[in-house]
Amino acid sequence: MQKLIQILWPSFLVAGVVEAIFFTVINPSELYFFGSPVRFDAITTYSIGFFAFWLICAASSLTTIYFQRTANEINHPETKS
Amino acid sequence: MNSTAPSTQPVTPPPPPEQDSLYAVRQKVYVRAVTGLFANWRWALVWITQILFYGLPWLSWNGRQAVLLHLVERKFYIFGWVFWPQDVFFLAILLIISAYSLFFFTAIAGRLWCGYACPQTVYTEIFMWVEQKIEGDRNKRMKLDKSPMSPRKFAIKAAKYGSWAAISIWTGFTFVSYFSPLSDLLRSVQTLSFGPWELFWILFYGGFTYLFAGVMREQVCKYMCPYARFQSVMFDPDTLVITYDEARGEPRGARKKGVEPKSVSKGDCVDCGICVQVCPTGIDIRDGLQYECIGCAACIDACDQVMDKMEYPRGLIRYSTENAIKKGWGTKEVVAHVFRPRTLIYGFVLVVLSLAFVWGLASREPLRVDVMRDRSSLAREVEGGMIENVYELQIMNMTEQPRTFVFGARGIDGIAIEGDKRLQVDAAGMRSVTLKVRAPYDPDKVGATEVFFEVYPEDKPSLKLSEKTTFLFPR
């Protein structure tokens, strides 16, 4: 549970900032998805965009947590509480 | 070398400090209600911020919602202003002003934001008030939670969770109404046909309000808030923080009312523990400044009441500074130290930025012009030895009245725009027009020559904007 929050919460904060900056600069109706213009309405594009950013940031947090394990945790996974 | 170190170093590292303190192992904090000066301030802030938050979407201005950050139209309506994505500069300045205000107030008196104005504090305050009204005071709540499930307990809990859910949904609805017009949302309520995402975000925001203010409370401040982690860099020995006067209070201990502390060789602290009971984060302020302390001053109110009862002077727990406690300063010296280089610099930057912001708003021109040369059609020769270039002229009308704009070109002798030189643009609208511009061929100017498009509203020619572009003469 703790690890899950450590992944999801910082990525949520950063995704919010990225979302605001990205869509301030880029108009959702000017986006292309595999070569064809995005036809969703703006709220849908914003929402999908937010979750995409969240997912990407979460992947980064997940990698951080993954590399943060100590040698002891890797050598003796069974002793981990 | 290491002669002082103990000779028997443990071979295995000691067990890690308890790792599961987040969320899992947590002692529920039963916060005792408190009244007094600072509680009144907190409630005043609850009222001010929430009347603003819940009320603003219902205000009208010029026949539209007064404050609407219209994401679909990509326009922010704030009373008389209409902001476009091109105005992101103002948002950036506003964010910097907010950051500096935070630095400024934190340097002066610690976590004022956390204690009085943060939404986490405000909603927790509201939710705790509901809890208090439905479940009763601290002792009743603890007894209720210990008691086995019964129809009475179920009814009480259901009433509490139901009220919380109602507040949360209303909060989520209000939040979404800042981004999606309230009139549309109200229509959706009547017909029960929300857009899927609008409904989602109402529930998302409402759900997190419920979770943060009802369930997680102090844990949000302790584990999730980024500000709590770096606030200490803004503190210095002259920052006013909530302080227990250890020299005056210790040694603590119980005694009868009105007993002179010296006569029983004790300090002023009667060790009643009420300062701990009222603390929303469940800490003991008598242990000194701790990062968990959100500066709500509930313990000050609580302790002052006890001091009044004991007929001791107030302020055993009070706003004071590290230096004041160490050097025994009075109020006058503490106030004098509010003005120090750090706060003066923060204050100066704050004033300069605010003036720049106001000046920027006041001198913002309600018109924006963009000219692009049409790249698909190159310069071509037309009848009469003229050269023709094609442009796309885009005019944004940032006022709330439809306006007619007049435009012209200059920069080359004999340059002229073909066709109509006027364009009507809707209120807060944007229109573009394709322009054919002709100029007499001039062999000296082969290549690109600078030209200007001039645009002004018909009803206000003084507001003239010039936009630079290039005119091509072919070889």
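Student: How many Å separate the centres of domain 1 and domain 2 of chain B?

Tutor: 54 Å, taken over C-alpha atoms. This is a predicted model: local features need pLDDT of at least 70, side-chain atom pairs count only at pLDDT 80 or more, and totals for chains, interfaces and linings use all residues. Residues are numbered from 1 along each chain as its sequence is written, with chains lettered from A and ligands numbered from 1 in the order in which they are written.

Student: Where do the domains of chain B run?

Tutor: Domain 1 covers 18–364 and domain 2 covers 367–473. Those bounds come from an automatic or database domain assignment.

Student: How many residues of the two domains are in contact?

Tutor: 5 residues of domain 1 of chain B contact 5 residues of domain 2 of chain B. Contact here requires C-beta atoms, placed from the backbone, within 7 Å. The domain 1 side divides into 2 nonpolar, 2 polar and 1 charged. Nonpolar covers Ala, Val, Leu, Ile, Met, Phe, Trp, Tyr, Cys and Pro; charged covers Asp, Glu, Lys and Arg; the others, Gly among them, count as polar.

Student: And between the chains, how many residues does the contact take from each?

Tutor: 16 from chain B and 13 from chain A. The chain B side splits into 10 nonpolar, 3 polar and 3 charged.

Student: Switching to cores. Which residues have the most contacts inside the largest nonpolar core?

Tutor: Cys275(B), Val278(B), Ile285(B), Ala298(B), Cys299(B) and Ile317(B), in a core of 34 residues. A nonpolar core is a set of buried Ala, Val, Leu, Ile, Met, Phe, Trp, Tyr and Cys residues joined through C-beta atoms within 7 Å. Buried means 20 or more other C-beta atoms within 10 Å of the residue's own; exposed means 12 or fewer; partly exposed is in between; C-beta atoms are placed from the backbone.

Student: Which element gives the most to this core?

Tutor: α13(B), with 5 residues. Helices (H or I, at least four residues) and strands (E, at least two) are DSSP runs, numbered from the N terminus.

Student: What does Ile317(B) touch?

Tutor: Not counting residues up to four places away in sequence, Ile317(B) touches Ile242(B), Tyr244(B), Cys275(B), Ile285(B), Cys299(B), Ile300(B) and Cys303(B). There is also a second, separate core of 20 residues, which includes Ala409(B), Leu435(B), Val455(B) and Phe471(B).

Student: Back to α13(B). At what angle do α1(B) and α13(B) pack?

Tutor: About 145°, with the axes 7 Å apart. Axes are lines fitted to C-alpha atoms, for helices over the stretch in contact, and angles run from 0 to 180 degrees between N-to-C directions. Leu37(B), Phe38(B) and Ala39(B) of α1(B) meet Ala298(B), Ile300(B) and Asp301(B) of α13(B). That contact has 5 nonpolar residues, no polar and 1 charged.

Student: Sheets now. In what order do the 4 strands of the open sheet in chain B come?

Tutor: β13-β11-β15-β16, with antiparallel pairing. Two strands pair if DSSP finds at least two bridges between them. β13 and β16 of chain B stand at the edges with a single partner strand each, so one side of each is left without a neighbour in the sheet. Neighbouring strands are turned by 30° against each other on average, direction ignored.

Student: How many bridges pair β15(B) and β16(B)?

Tutor: 9, in the antiparallel sense. Thr449(B) has Phe471(B) as its bridge partner in β16(B).

Student: And β10(B): which side chains point to the buried face?

Tutor: Ile387(B), Asn389(B), Tyr391(B), Leu393(B), Ile395(B) and Asn397(B).

Student: What pairs with β10(B)?

Tutor: β8(B) joins β10(B) through 7 bridges, β9(B) through 3 and β14(B) through 11. Each pairing is antiparallel. Met396(B) stands opposite Met430(B) in β14(B).

Student: Which residue has a positive phi in the turn between β9(B) and β10(B)?

Tutor: Gly384(B), at about 80°, in a hairpin with 3 residues between the strands.

Student: Last one, chain A. Is Ser60(A) buried or partly exposed?

Tutor: Partly exposed, because 13 other C-beta atoms lie within 10 Å. Ser60(A) is in helix α2 of chain A. Ile7(A) is 53 residues away in sequence, yet 8.4 Å from Ser60(A) in space, C-alpha to C-alpha.
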